[in-house]
Amino acid sequence: MKWHRMLAEACVHLLEQVFDEGKVLDRVMGEAFRVHPKWGKRDRHFVAESVWETVRWRRALAFVADASDSRSMLAAWWSGQGWILPDWWTWEGASVATMEGRRAELEAQPRAIRQSIPDWLDLRGFSELGEAWDAELTALNRRAPVCLRVNRQRGDREEVLAWLASEGVKAHPEVKLPDAIILEGLLPKRLASDGRMEIQDCGSQTVVPLLAVEPGDRVMDGCAGAGGKTLQLAADLAGEGELVALDVSPRKLEALARRAKIAGVRGLQTEVWNSESYRKWQGWPNRMLLDVPCSGLGTLRRQPDLKWRLSESTLEKTRRLQRRLLDEYPPLLREDGTWVYATCSILPSENQGQIQALLERDPRWECVEENRISPAGTGWDGFYAAKMVRRS
Ligand SMILES: C[S@@+](CC[C@H](N)C(=O)[O-])C[C@H]1O[C@@H](n2cnc3c(N)ncnc32)[C@H](O)[C@@H]1O
């Protein structure tokens, strides 16, 4: 292991932005790579892995180091990799030898420490999921591979796999899903915006098929964001039918429009949700996706900083928004319409709990199918989707 002092110090600076300033890890890393174009592949790998894994294992590393400052936690992470720390690396916490002993004690610590999550979240998860919570946390603490969804409008999976192989990218199909490819490394940046495929986790790819969109449908994506699922809906429409993507964020809709152009999507309208939207779209869609804002707990593998930013009060605020969207959007549907409620959470209070509560306050609806993607059961991100129709 060859140490570069500037890179090690950069890790501290990045961790402070995440832990002390509450910044989003993914953005912090993206910005760091942008302002340090001279960092080579190995440098970037060292910084990304050190920072990412220290964020993921923050609490466990603080236990091992017996201190919670970033330098100590990094020392705990690096020494845990078997690396000999350089003399110039100083930290407040335990010595490397003491850390060895404390590492051996980690398994006997309470779940919140060994699985590295805040106490309130551990209580919440256990109260909702019971014994299954521990296994879900284990799965959510693993590193996630890059998953792709083949854009069927631009080619089939075999063609994309052959093309990736010709570009030197190792990949294999996910046999349980029709369009999914799992990479055995990272996707080179120059291939990412090709339009033949989108980066989309396997769990996420299970939501849109539940809506059973067919060419000719009028589809509304009510919380489209930057359009991961809108593009999948467009592929199901195969250029026949209409698709409107709504969101409260103009910035996300602009990103969606850019992605849609690259993917060759036709007939897509985007609209920032406003006071007129409700009247304008009344009775228009026969298919609707409501991929609502949620805690994002099912995606902790990909955004481990989330667990340090969430709180019981933000969770409650999110659940209130989910309830409001469940009341506001589905009445827009045509009489014979079908809609799907989805989250990337594994908490029943954001999932089946919201659907149950809706059925109690509005008996017009009926849930005809549910899909719960457990990270422990699948190795994918956690998702929930409920297919809803009007009660006959
Ligand atoms: C889970 S994200 C959507 C992710 C997206 N469907 C995808 O697959 O990439 C939820 C989205 O709901 C949006 N949102 C929040 N409040 C909304 C509202 N009242 N109406 C429409 N969208 C809203 C957020 O801006 C966010 O982009």
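**Entry 1**

I began at Asp291, which touches Val207, Cys223, Lys229 and Ala342, leaving out residues up to four places away in sequence. By touching, or being in contact, I mean that the C-beta atoms of two residues, placed from the backbone, lie within 7 Å. A note to myself before going on: this is a predicted model, where local features need pLDDT of at least 70, side-chain atom pairs count only at pLDDT 80 or more, and totals for chains, interfaces and linings use all residues. Residues are numbered from 1 along each chain as its sequence is written.

I found Asp291 in strand E8 (residues 287-291). Helices (H or I, at least four residues) and strands (E, at least two) are DSSP runs, numbered from the N terminus. Is Asp291 buried or exposed? Asp291 counts as buried, because it has 24 C-beta neighbours inside 10 Å. The rule I used calls a residue buried if 20 or more other C-beta atoms lie within 10 Å of its own, exposed if 12 or fewer, and partly exposed in between, with C-beta atoms placed from the backbone.

I then checked the UniProt record, whose unreviewed entry lists Asp247 and Asp291 under "binding site". They span 45 residues in sequence, yet no two of their C-alpha atoms are more than 10.6 Å apart, so they gather at one spot. I kept in mind that UniProt positions are given in the numbering used here, that feature names are shortened, and that annotations may be inferred rather than shown by experiment.

Asp247 is in strand E6. Asp247 is buried too, with 21 C-beta neighbours inside 10 Å. Not counting residues up to four places away in sequence, its contacts include Cys223, Gly225 and Trp273.

**Entry 2: around the ligand**

Which residues are closest to the ligand? They are Cys223, Gly225, Gly228, Lys229 and Asp291, from a shell of 18 residues. A residue is near a molecule here if its C-beta atom, placed from the backbone, lies within 6 Å of it. Helix H14 (228-237) and strand E6 (242-247) each give at least two residues to this shell.

I sorted the shell by class and got 9 nonpolar, 5 polar and 4 charged residues. Ala, Val, Leu, Ile, Met, Phe, Trp, Tyr, Cys and Pro count as nonpolar, Asp, Glu, Lys and Arg as charged, and the others, Gly among them, as polar.

**Entry 3: Cys344**

Next I looked up "active site", for which the unreviewed UniProt entry lists Cys344. Where does Cys344 lie? I found Cys344 in the loop between strand E9 (338-343) and helix H19 (352-361). Cys344 counts as buried, because 25 C-beta neighbours fall inside 10 Å. Leaving aside neighbours within four places in sequence, its contacts include Ser204, Cys294, Thr299, Asp381 and Phe383.

The same record places "domain: SAM-dependent MTase RsmB/NOP-type" at residues 136-392, again in an unreviewed entry. I saw that this span is 35% helix and 22% strand, and that its end C-alpha atoms lie 37 Å apart.

**Entry 4: a four-stranded sheet**

I traced an open sheet of 4 strands in the order E2-E3-E1-E4, with antiparallel pairing. Its edge strands are E2 (171-173) and E4 (197-199), each of which pairs on one side only. From one strand to the next, the twist averages 30°. Two strands pair if DSSP finds at least two bridges between them.

Strand E1 (residues 147-150) pairs with strand E3 (residues 180-183) over 3 bridges. Cys147 stands opposite Ile182 in E3, and Arg149 has Ala180 as its bridge partner there. Another 3 bridges join E1 to E4, where Leu148 stands opposite Ile199. Cys147 and Arg149 point one way from E1, Leu148 and Val150 the other way, and all are buried.

**Entry 5: helix H4**

Why is helix H4 (residues 58-65) described as largely enclosed? I found that 7 of its 8 residues are buried, so the rest of the structure largely encloses H4. Among the buried ones are Leu61, Phe63 and Val64. What covers them includes helix H3 (41-56), helix H5 (70-80) and helix H17 (306-309). After H4 comes Asp66, with a positive phi near 55°.

Methods. Axes are lines fitted to C-alpha atoms, for helices over the stretch in contact, and angles run from 0 to 180 degrees between N-to-C directions.
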